[in-house]
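Please keep the sequence and the three-dimensional view at hand while reading.

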Amino acid sequence: MNLEKVIKSEGVTAVVTSSDITGRNDVGPVYDGDPIFPKKAEYYGQPLFAVAAKTTEQARKAVLKAKITYKTLKPVTTIKEALKKKSYVLKEKIIKKGDATKAIENSVNRLNGSFTTGSQEHFALEGQTAFVIPQEDNDYKVFSSTQHPSETQQVIAKMLNQKSNTITVETRRIGGGFGGKETQSFIFAAICTLLAKKTKHPVKLRMDRDDDIIITGKRHDFYSEYKVGFDELGVIKGLKIKLASRCGISPDLSEAINERALLHIDNAYFLENLLVENYLCKTNTASNTAFRGFGGNQGMMAIENIIDHIANSLKKDPAEIRRRNFYQKKKKNITHYNMKIEDNVMHEIYDQLIKSSNYKSRQLSIKKFNEKNTYIKKGIAITPVKFGISFTTWHLNQAGALVHIYSNDGSVHVNTGAIEMGQGTHTKIAQLVANELGLNFSRVKVSATRTDKVPNTSASAASSTTDLNGAAALNAISKIKMNLSAYIKRKYKIKNGEGIYENGIVKFKGKSFKFNSLIKEAYLNRVSLSSSGFYATPKIHFDKKNFKGRPFLYFCYGAAVSEVMIDTLTGENKIIRTDILHDAGKAINPAIEIGQIEGGFVQGAGWLTMEEVNWKSNGQITTHSPSTYKIPAASDMPEKFNVEIFKKGKNVEQVINKSKTTGEPPLMLAMSVFYAIKNAIASVGNYAFYPNLNAPATPEKILMSIDKLKRKI
Ligand code: MTE
Ligand code: HPA
Ligand code: MOS
C-alpha cells in the first residue's frame, strides 16, 4: 500500500492502518478471523485503511488516491465449491437421533432432493455508524449504532490495549439492526476510535450505503440435500440431511447460527430418526452474520420443503401432511435434542386459522380459477412456526438494570442493557415498570443504553431483549419496594402484608400513601430509592457437544395462510391475502406485537421472494444498492392482511407478564408465501409434477421453474 498521496490530500487529518493498532487487530466475537485491517485481503471490499478529514467529501477524495497492488489469489465463492475443496471456517457437526438410514430403508416411500435458501442484506434504514469523543486520561466515549454496546467496549479496549473501564459505549436507539449490528457494527466503532485517538478530535464515521453493504456480512445462504422415508399417510419415519451454509471468511457467529439451524430442522414436526451433517463453508465473501431468525428459519425452510415434497408425491393437501407430522402433547413430544415440549399449542392455532381463513373453500375456488385461466395462476399454502426462545449460548441469558426514583417528584429513571431498535423494547420495559409501581406510563423514562450504567450486557438479540432486561428492571424495583416496605413497617408498626401499588397510591395494611408523598417521606428518612437489578433465565441448559438438553425456556408458535398470484409469462408475483394467527402469550403491548408480526412477515417474504444477493465468480458483490437489491416496500404487503394474536395465548413459564416475545418468530410465517408460489406453479402442470424451486422465488426463478415443469408435461 502506498498512501503518500492520501496523507497529503486536502483536509486530511489522519490516516490509520494496521500499524496504528497496538493491541488486538480483530473484532471476532467468538473466534479471531475478523481483522480490523487485514494482512491479507480475503474478500472484495474488505477495509484496508481509513482516513479522517475535515469534511466527508475531502475524506472520500483522499481515499481514492491510495495506490494498492494485489497479488490475486484464487477465491472460493460458492457453497458447492467450498464443499468440494473442504473449505470450512469450523469443523463440521453431525447430529443423530435413532437410526435414520435403517428407518429410510424400511419405509414404504422414499424421496430425495436438494434445496437452497438465499442470503439477505439487513438494509436497516440507519446504516452502520459511530461517533467517538476522546476524554481525559486517554479514555474514549463511543456512540455506536450497535445491538451490543458491551462487546463494542471490549473490542475497542482490546484494540487499544486499554482497560475496559476506559471505554464507555452509549446507544440511545438504533434505526434498525435485524442482527446486522450484533457484531458487524464493531469494525466501524473500532476504526472510528482509532481515528479519534490519532486526531485527538471527535470523529464521526457513517458508512455510505454501498460501502456498508459491500463491507458487512449478511444472512447465511444454505444448501441442503435430503433423503426422507415416510409411510402411506406421509408421516416421516427417517430423515437424512446435509446442511451447508456460506459463512464467508470467518466464523463470526456462524457456529451459533448453524446450531440454531440444527435446533430448528424439526420446525413443528416430530422426527423419530434423524441424521444431519452440517458444514460451515468458508468462502471469500464478507463474513455472514446474525439475521432475524438466526439460522432457525434456514433449518425450518429445509424441513418445510421436504414436507411439501412428500405431500406432492402422495397427491395430498400439504396442510394435512403438515398436521400429521406435528409434535403431539402426550407422546411424540421429545425433540431431536431431547427437550420435552410442554407448551405445545400448535394444533389449536393451526386448526383455528384453517377455519378463520376459509382455507379449504378457498383452495377449491383457487383450483377452479386456475382451470379457467391460462396465464395467471393462484396458489395457497399454510405453514406452521415453532421457534425456541433463549440464547443457545447459555451464559448470554442474563441481564442487568439500574432503576432510580427521584425524591422530589417520584419520577422514575430506568436503564438496562436493552437496545431499542424499533422493536419497542423501551416502551415495553417502561410499561412493565409503570405497572409494577402503579404509575402512569408518562412517569417512567428509559434512558440510553450505556456500559457505565449497566455492565456486561448481552447483545439485544435472540428475541430475548425484553424477557431478560424487563425482568432485570422488575428485579431492581422489587429491591426498592423492599426498602420502602421495611421503612413503612418500622415507622408505622405494621406487621404483615406488602404494599399494593395502584393508580399512584401505595396501600399497606391500614395505611395508604400517595406515591409521591411516600417517596419524599422515604427520602427524608434516609431510605435508598435506587437499585440495580439482575436476571438469569431459569431451567435452561445445553450440552453443545452431545447436542442434548433444554436450550430454550419456551417456544413461540404461529401459523400463516398465504394466497398468491403469479403471472406465468413474466414470473411476477404478488401476495393477495395473508391470514396470521400468532402466539404472543399475554401480550405486553398488542400494538407493538402486531407491528412486529406484520414487519417480520414482510421481511421474511422479502427474503423468500425478492431479495437476492449476487456475487460475480471472483467474489465481487454486485447487489450493493437499492437499484440492484430490492427490499419489500409498503406496496408489497399482502393486499388483504389479517393479523391476529392468539387470544388463548399465555406463557406457561415464568416470563414477565406471562408474555411471549414477537421479535424473530413472525419472520418465519412468510414460509407460507413461498409454498403458495410453489402451489401456483404446480397448477401449470395440473398438479401432476413437483416443481423445482429454490428460494428466493424471484420472477426469473419462477419462470425457470415453470419452464422446467412445462417440459415434463
Ligand atoms: N424490529 C425492528 N423494528 N427493528 C429491528 O432491528 N430486529 C429483530 C426483531 N425485530 C428488529 C426488529 C431481531 S433480529 C431481533 S433478535 C429482535 O427484534 C430483537 O428484539 P427483541 O429481543 O426485543 O425481540
Ligand atoms: N440468537 C441470537 N444471537 C445469538 C445467539 C442466538 O441464539 N447465540 C449467540 N448469539
Ligand atoms: Mo436477532 S438475529 O437475534 O439480532
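This is a predicted model: local features need pLDDT of at least 70, side-chain atom pairs count only at pLDDT 80 or more; totals for chains, interfaces and linings use all residues.

Because 9 of the 10 residues of helix α8 (residues 254-263) are buried, the helix is largely enclosed by the rest of the structure.

**Ligand 2**

- The residues that surround ligand 2 are Glu182, Ala256, Arg260, Phe294, Phe391, Thr392, Thr393, Leu396, Ala461 and Ala462.
- By type, the shell around ligand 2 consists of 6 nonpolar, 2 polar and 2 charged residues.
- The side chain of glutamate 182 has an N or O atom 2.9 Å from a nitrogen atom of ligand 2.
- The side chain of arginine 260 places an N or O atom 3.1 Å from an oxygen atom of ligand 2.
- At threonine 392 it is a backbone N or O atom that lies 3.4 Å from an oxygen atom of ligand 2.
- On its own, ligand 2 has 260 Å² of accessible area, and the protein covers 96% of this area.

**Ligand 1**

- Ligand 1 is surrounded by 18 residues, of which the closest are Gly177, Phe178, Met421, Thr465 and Gln596.
- The shell around ligand 1 divides into 4 nonpolar, 12 polar and 2 charged residues.
- An oxygen atom of ligand 1 lies 2.9 Å from a backbone N or O atom of phenylalanine 178.
- Glutamine 423 contributes a polar side-chain atom that lies 3.1 Å from an oxygen atom of ligand 1.
- Serine 464 has a polar backbone atom 3.1 Å from an oxygen atom of ligand 1.
- Ligand 1 exposes 520 Å² when taken alone, and the protein buries 92% of that area.

- Valine 454 belongs to the loop between β16 (449-450) and α14 (465-492).
- Is valine 454 buried or exposed? Valine 454 counts as buried because its relative accessibility is 3%, and the cut-off for buried is under 20%.
- Leaving aside residues up to four places away in sequence, valine 454 touches Gly400, Ala401, Leu402, Asn415, Thr416 and Gly417.
- Valine 454 and tyrosine 226 are separated by 228 residues in sequence and, from C-alpha to C-alpha, by 46 Å in space.
- Threonine 117 is part of strand β4 (residues 109-117).
- With a relative accessibility of 2%, threonine 117 also counts as buried.
- Which residues does threonine 117 touch, not counting residues up to four places away in sequence? They are Asp221, Phe222, Gln298, Met301, Trp607 and Ala695.

**Backbone geometry**

- As background, most residues other than glycine have a negative phi, and most peptide bonds are trans.
- The peptide bond from alanine 695 to proline 696 is cis, and its omega is near 5 degrees.
- Proline 696 is located in the loop between α17 (671-684) and α18 (699-712).
- Lysine 539 has a positive phi, near 75 degrees.
- The loop between β20 (530-536) and β21 (541-543) is the place of lysine 539.
- Phenylalanine 547 likewise has a positive phi, near 55 degrees.
- Phenylalanine 547 lies in the loop between β21 and β22 (548-550).
- The relative accessible area of phenylalanine 547 is 3%, so this residue is buried.

**Cysteines**

- A disulfide is a covalent bond between the sulfur atoms of two cysteines.
- How many disulfides does the model contain? The count comes to 0 disulfides, where a pair of cysteine sulfur atoms must lie within 2.5 Å.
- Cysteine 247 is buried, with a relative accessible area of 0%.
- Cysteine 192 is buried as well, and its relative accessible area is 0%.

Note on methods: Residues are numbered from 1 along each chain as its sequence is written. Chains are lettered from A and ligands numbered from 1 in the order in which they are written. Side-chain values use heavy atoms; hydrogens and water are left out. A residue is near a molecule or strand if one of its heavy atoms lies within 4 Å of it. A polar contact is a pair of N or O atoms within 3.5 Å; within protein, one must be able to donate a hydrogen and the other to accept it, and residues adjacent in sequence count only if both atoms are side-chain atoms. Accessible areas come from the Shrake-Rupley method with a 1.4 Å probe; for residues, only the protein chains shown count as cover. Ala, Val, Leu, Ile, Met, Phe, Trp, Tyr, Cys and Pro count as nonpolar, Asp, Glu, Lys and Arg as charged, and the others, Gly among them, as polar. Helices (H or I, at least four residues) and strands (E, at least two) are DSSP runs, numbered from the N terminus. Buried means under 20% relative accessible area, exposed over 50%, partly exposed in between (1.4 Å probe, protein chains only). Contact means heavy atoms within 4.5 Å.
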